[in-house]
Structures are given as structure tokens and as C-alpha cells.
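Hi everyone, thanks for making time. Let me put the structure up, and then I'll walk you through a few parts of it.

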Amino acid sequence: MFCLPLALWSAAAYAQATSIAFGALKADPSDPVEVTADSLDVNQADGSARFVGNVLIIQGVMRLSANDVLVVYKQDETGRTGIDRLSASGRVLLVNGPDAAEADQAEYSIDSGTIVMTGNVLLSQGTGTLTSNRLVVNLTNGTASLSGRVKTILNGGSD
């Protein structure tokens, strides 16, 4: 009777990769990206823009906030420009529906709809939390994968 909870705890504490659902709604990476910040610096030479201070990024149902966000643009063969990726750092918070994740850094690849969060990752889902070194969120299919020293607390049921 005491072995099962111990075995479950051990498996959770030492798991190397865990896949889970993330966000109640799937996001569409082709939706417009709204950015709000305290300041903006544009670098015409390398085609980037840096938003600093209370940065909030909204794309459909997805919300991403951070202290600093670097937006890197791309240009296709017809000359149209668009966002290639967003690099966020400093108190990064990702919210999609009822799920939220915190980390030190995040890299959002717009075309693939993938956000990679690293450094002190904390994922909150309902009343449960998980921690890890790395979280990969696929906004297009609503899934996430945790890797690198995954930890959670499992509570036993009561009668």
C-alpha cells in the first residue's frame, strides 16, 4: 500500500520527458500579433525590434508577457515581411486558456506555432503544477512536452 505512492512520486521526480495537453483552445499562428510595451528600439540594419518593459504579446487566445522581447522579422521571395520569431526574457509568462507557464526565457517560432521555454520552468494546470528545465508548447495542436528534471507532486485520493 505504501509502495505505490512512493513509486509514483519517484517516477514523477526523475522523469526525463513528459507530454501533456496545454491550453483549452488551439491557437492559430497566422493570427495577428499585438505587442504593447514601455519602449521600442528598431534596428533597421538587422531587421529586428526590441520591446522593453512590461511587454505583453497577444495572439488570439495566447498571452505572453516578459520584461524584454526581441522581434526578428523575415522577408519572403516576393518581398513581403513578417515575424520570424520572438525571443522573450525576464519573468516570462505564457497563458493559453486555463493553463499558464513561467520561465526565464522563451523563443516563439511563429510559422511552426512552437514556444520553447527554458530556465526554471513552472507549469500550472488547474490545481497541479510541474517544474522542469525545458517546456515545448505547440500552440497549433494544444500540446506541451516537459524535459530535463521534471518534477510534480501527486496527491493521493481520500475517502
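Let's start with a hairpin. Strands E6 and E7 form one, with 2 residues between them, and Gly97 in that turn has a positive phi of about 65°. Keep in mind that this is a predicted model.

So how do E6 and E7 pair? E6 covers residues 81–96 and E7 covers residues 99–109, and they pair in the antiparallel sense over 10 bridges. If you want a spot to look at, find Leu86, which stands opposite Tyr108 in E7.

Now carry on along the chain. E7 and E8 also form a hairpin, this one with 4 residues between them. Gly113 sits in the turn, with a positive phi of about 70°. As an example, Asp99 has Gln125 in E8 as its bridge partner.

Nonpolar side chains in soluble globular proteins tend to be buried together. Here, the largest nonpolar core has 33 residues, and Ile115 and Met117 have the most contacts inside it. Zoom in on Ile115: leaving out residues up to four places away in sequence, Ile115 touches several others, including Met62, Leu94, Tyr108 and Val136.

Last topic: charges. How many salt bridges does the structure hold? There are 5. One of them joins Arg50 to Asp68, with the closest N and O atoms 2.5 Å apart. Arg50 lies in strand E4 and Asp68 in strand E5, so this pair ties together parts that are 18 residues apart in sequence. Is Asp68 buried or exposed? At 17% relative accessibility, Asp68 counts as buried, while Arg50, at 33%, counts as partly exposed.

Then there's Arg85 with Glu107, where the closest N and O atoms are 2.8 Å apart. Glu107 is partly exposed, with a relative accessible area of 27%. Asp84 comes in here too: salt bridges that share partners join Asp84, Arg85 and Glu107 into one network.

And one more pair, Arg80 and Asp76, has its closest N and O atoms 3.4 Å apart. Arg80 is exposed, with a relative accessible area of 61%, whereas Asp76 counts as partly exposed at 28%.

Key: Residues are numbered from 1 along each chain as its sequence is written. This is a predicted model: local features need pLDDT of at least 70, side-chain atom pairs count only at pLDDT 80 or more; totals for chains, interfaces and linings use all residues. Side-chain values use heavy atoms; hydrogens and water are left out. Two strands pair if DSSP finds at least two bridges between them. A nonpolar core is a set of buried Ala, Val, Leu, Ile, Met, Phe, Trp, Tyr and Cys residues joined through side-chain atoms within 4.5 Å. Buried means under 20% relative accessible area, exposed over 50%, partly exposed in between (1.4 Å probe, protein chains only). Contact means heavy atoms within 4.5 Å. A salt bridge is a side-chain nitrogen of Lys or Arg within 4 Å of a carboxyl oxygen of Asp or Glu.
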